[in-house]
Amino acid sequence: MSNLDSFVKSSRPPPKPLATSQEVRDRGSIFVANVFSATSPDEARKAVHHLKHVAHGHRPATHEIAAWRCMVLKPGKTGLGGPDDFEVVSGYDDDGEKYAGGRVLKVMQAEGVIDAVVVVSRWYGGEMLGPVRFEHIELCAREVCRTFRLKDDMATSIATLASLDDILACLRAELASITAANAEATEANGSAETAGSASAASEGDASRSATPMVRSAKSRPNYTALEESLDVAKAKRLITARENSIKSVKLALQKARARLAEP
């Protein structure tokens with residue numbers, strides 16, 4: 001069945017484009033590109049099939065020009081051998097627009113896009129365009145390839161930020177614990193009056209230090225707005241800031257441990 005019913009019956013969600021290009025219109029013809037995630041040629045073909053028969057089923061395109069590049073395991077390999085166990089498998093489908101699929105594949109190679117399939121849909125307007133049609137096809141393909149790369153870079157950056165946030169939260173919690181232990185040691189070693197004053201001051205310091213640490217451990221930052229902005233430069237600045245914070249807390253932790261070890 002080449003309609004929506006065949007996809008509704010599937011337990012897997014239908015392929016969803018990660019980016020769609022602006023339309024290019026020329027003498028009645030319309031060109032638009034979509035890029036989908038695809039980790040295998042089979043996934044790539046399913047995405048093309050879905051776009052052609054479901055998404056565009058009510059208004060079929062004259063050509064659905066597709067190209068894909070996927071990182072897959074080499075035959076007989078397990079992936080445990082590292083990068084050498086993998087290879088990039090690529091392919092394309094002109095769908096009646098001779099040489100067009102190869103043009104889309106070259107754009108993907110130039111933009112460094114992997115694990116994706118790019119589909120450039122063309123609705124013929126009744127007038128032959130000549131070689132300029134390839135310029136339109138490449139323009140649309142390039143636009144979605146660059147957006148795909150941005151989203152991929154952003155996803156990697158956010159994963160790095162989340163990992164650094166966890167490390168920072170653990171370090172801050174440990175620092176708060178040692179700070180409290182140092183305060184208790186100071187109270188135990190002083191006189192009752194001095195200890196009382198020191199305890200109050202230490203408790204106040206510990207409270208000021210520990211309270212924000214507990215809050216940061218409980219409330220994880222929300223990066224939804226950052227992800228939607230595709231501001232990779234800002235994400236990298238945040239990563240640098242987190243790394244610097246981790247260095248600072250590690251230094252403070254080292255000093256706190258040294259104080260705790262003092263007789």
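Author: A charge sits over a ring if NZ of Lys or CZ of Arg is within 6 Å of the ring centre and within 35 degrees of the ring normal. This is a predicted model, in which local features need pLDDT of at least 70 and side-chain atom pairs count only at pLDDT 80 or more, while totals for chains, interfaces and linings use all residues. Residues are numbered from 1 along each chain as its sequence is written, and side-chain values use heavy atoms, with hydrogens and water left out.

Reader: What places R103 over the face of F134?

Author: R103 lies at 4.4 Å from the ring centre of F134, and the limit is 6 Å, so R103 counts as a charge over the ring. R59 lies over the face of W123 in turn, at 4.6 Å from the ring centre.

Reader: What makes R133 and E97 a salt bridge?

Author: The side chains of R133 and E97 come to 3.0 Å, N to O. A salt bridge needs a side-chain nitrogen of Lys or Arg within 4 Å of a carboxyl oxygen of Asp or Glu, so the pair qualifies. R133 lies in helix α4 (residues 132-189) and E97 in the loop between β5 (86-93) and α3 (100-111), 36 residues apart, so that the pair links distant parts of the chain. E97 and R133 are also linked with R122 in a network of salt bridges.

Reader: Is E97 buried or exposed, and how do you know?

Author: E97 has a relative accessibility of 7%. Buried means under 20% relative accessible area, exposed over 50% and partly exposed in between (1.4 Å probe, protein chains only), so E97 counts as buried.

Reader: How do you know that K46 and D42 pair, and where do they lie?

Author: The closest N and O atoms of K46 and D42 are 3.5 Å apart, and the two form a salt bridge. Both lie in helix α2 (residues 41-55), four residues apart, about one turn of the helix. K46 counts as partly exposed, at 42% relative accessibility, and D42 is likewise partly exposed at 42%.

Reader: How many salt bridges does the structure hold, and what share of the protein chain is buried?

Author: The structure holds 10 salt bridges. Buried residues make up 35% of the 263 residues in the protein chain.

Conventions
Helices (H or I, at least four residues) and strands (E, at least two) are DSSP runs, numbered from the N terminus.
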